[in-house]
Amino acid sequence: MTQELIYSVTGIALFAIGLFGLIVAGHIVRKLVAINMMGIGVFMLFLATALHGPDTVDPIPHALVLTGIVVAVAGTCLCLWLAISISKLDNEKRKNPQQ
Amino acid sequence: MTLQFIAPYLLPAIVTVPLLAAICNFLMASHHPRLALNALFGLAQVLLAGLLLIALSLPDTVVEMRYILAGWSAPLGIELIADGLAAILLMTTAVLYLVLSVYSALYFTDKNKGARFWPLWWLLATGLNGVFLAGDAFNIYVTLEIIGLASVALIALSGDRAALVAALRYALVGLLGSLCYLLGVALLYRAYGTLDLAQLASLAEANPLTWAALSLISVGLLLKTALLPLHFWLPPAHASAPVPVSAVLSGLVVKASFYLMVRFWLDILPVATTTLALQLLGVLGTAAIFWGCISAYRAHRLKVMVAYSTVAQVGYLFLLFPLSATSIDAWKVSGGALAAIVYFVVAHALAKSAMFIAAGNIMFSYRHDDIDGLRGIAREQPLDVFTFAIAGASLIGLPPSAGFIAKWLLLGGAISSGQWWWAAAILFGGLLAAAYIFRFLNVVFDQSQAAELSAQRHARPVPLTMALCGLALAVMAILMGFNAGWMLELLSVSAAVSA
């Protein structure tokens, strides 16, 4: 029970820290790290919930977390690709300011 | 008889057909253009949604259709559920997709962009249909993410810096919204041990954990619906996307998260809602109406104006929450707030898409959408200006458009439930909408220097089919105002039974 509580509180704390970072951070990569941290917080809460039941470990949260990780990877990739494309455009503009 | 036999299989088909379309388009990357193929998929979608609507409005059938995927029932399995509300939204999606697919086939003349556009376009439809049919809280998260990621990629399609920046911001907001939603779902699962919406509805109690879960879910969904003050990402994203994408983002994507708000607040967790919270949503909605209209009036670019108009129109949707609460049974009979809002959603989807098409055609013709630079174009682009005007009439709520019926029903709800202040907001919002629409019409009908300006502009002619697509949607928004009966009936049947 205590173990589950520690994991749950840590999960929510990670979510909160990530949210703070997302709002405060200026750089896009920092923002993405913050968002991933929020995601890990939610996943930890789900995993702690697996222990929440009376005796056996509930397998459903694990399946949910797996799906969540896949979605998080896809979202992070897309954001990074956008950030790279934007900085490429900016670099080109810096090289040829006339355009 | 046959319809009743095939009816349950309609639900998985509605999700599978657009997915199949996405895969087909992905495999056919070298073919160009793809009008016939995509029009065919669009027609198939309309047919399936139409069959579902007919099946649900037959007098002797159930009002809610369920399909248990792979025979695994809840809480372990995933169910697809359709009632009148879902079926109407599916039909709206299908009709918009059919018209916009025809438009897109002509709009994307560039082969590379077309090849990237079509798979994402149909993936977005898969996500939308999935949301409307979802019977499971986690499945909603997955479909929301499909919508979010497909939308981001579609916004970025034009490849210029403004579009990429808008797409990145939209992606961050979307991910944040989904994570807030997911945290809320995690809390619900912890409290009730199920993700099935129907089971959650019967188990839910009013306690701090449910309140926290509903708050997190709502914040996530409001971010995605762009309710003031969480609307900051919408105007740049909707204004810099390609035209058919803007139309779908404004017409359908913000409605998907709004639909979930309706489900969670009125169907699944009504025990956890309070009058104060419902009134607060109404206040935010009113603020959105005013701020959206004022910003639309002050916009310099046509597409930015249309995007701010979406911020205002989203505000109206949230008047549902206060109007459904105090007169707790009012929205369950045919004249009530839910019917009014569904009407509003459909009317806005049609009118706003028509307006984005008109704006896009004007932009196609003049290669810019600076409102001051469009002085006196009414004579050169009569069809697009006409489309814009009748879509605008529906947005303002002039009779006999669908927007008028929706606002009329909302006003009725406000007065019958004794909340006259919302009626004032609805009427004043209509005036403000008229202000920005007539401001644009004033500019385009100004013929004072028409001859010399038109000589400078070198307008590119817009293909007739592209103009007709917009006109078709705008005319549908008007025609909807003439036969409101069947839709209200369908909604009242499903609401009466779920009550």
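This is a predicted model: local features need pLDDT of at least 70, side-chain atom pairs count only at pLDDT 80 or more; totals for chains, interfaces and linings use all residues.

A: A definition to start: a residue is buried if 20 or more other C-beta atoms lie within 10 Å of its own, exposed if 12 or fewer, and partly exposed in between, with C-beta atoms placed from the backbone. Helices (H or I, at least four residues) and strands (E, at least two) are DSSP runs, numbered from the N terminus.

Q: OK, strand β1 of chain B. Which side chains point to which face?
A: They alternate along residues 65–68. B:Met65 and B:Tyr67 point to one face and are buried.

Q: What does β1(B) pair with?
A: Strand β2 of chain B, residues 79–82. The pairing is antiparallel, over four bridges; strands count as paired if DSSP finds at least two bridges between them. B:Glu79 in β2(B) is the bridge partner of B:Ile68.

Q: New topic. How many residues does each chain give to the contact between A and B?
A: Chain A gives 24 and chain B gives 22. Contact means C-beta atoms, placed from the backbone, within 7 Å.

Q: Which element gives the largest share on the chain A side?
A: α3(A), with 13 residues. By class, that side has 16 nonpolar, seven polar and one charged residues. Here Ala, Val, Leu, Ile, Met, Phe, Trp, Tyr, Cys and Pro count as nonpolar, Asp, Glu, Lys and Arg as charged, and the others, Gly among them, as polar.

Q: And how do α2(A) and α3(A) pack?
A: At an angle of about 175°, with axes 10 Å apart. That makes α2(A) roughly antiparallel to α3(A). The label applies over 145 degrees; under 35 is roughly parallel, 65 to 115 roughly perpendicular and the rest oblique. Axes are lines fitted to C-alpha atoms, for helices over the stretch in contact, and angles run from 0 to 180 degrees between N-to-C directions.

Q: What classes of residue make up that contact?
A: 13 nonpolar, six polar and no charged residues. Among them are A:Phe43 and A:Phe46 in α2(A), and A:Leu64 and A:Val65 in α3(A).

Q: Now the backbone. Where are the cis peptide bonds?
A: One joins B:Leu228 and B:Pro229, with omega about 0°. B:Pro229 is in the loop between α8 and α9 of chain B. Another runs from B:Pro399 to B:Pro400, with omega near 5°.

Q: B:Ala226 and B:Arg367 both have positive phi. Buried or exposed?
A: B:Ala226, with phi near 65°, is buried, with 31 other C-beta atoms within 10 Å. B:Arg367, with phi of about 65°, counts as exposed, with 10 C-beta neighbours inside 10 Å. B:Ala226 is also in the α8 to α9 loop.

Q: Last one: what's in the largest nonpolar core?
A: 226 residues. Such a core is a set of buried Ala, Val, Leu, Ile, Met, Phe, Trp, Tyr and Cys residues joined through C-beta atoms within 7 Å. B:Ile155, B:Ala167, B:Tyr343 and B:Ala477 have the most contacts inside it. Leaving aside neighbours within four places in sequence, B:Ile155 has contacts including B:Ala163, B:Tyr170 and B:Val245.

Definitions and conventions
Residues are numbered from 1 along each chain as its sequence is written. Chains are lettered from A and ligands numbered from 1 in the order in which they are written. Two residues are in contact if their C-beta atoms, placed from the backbone, lie within 7 Å.
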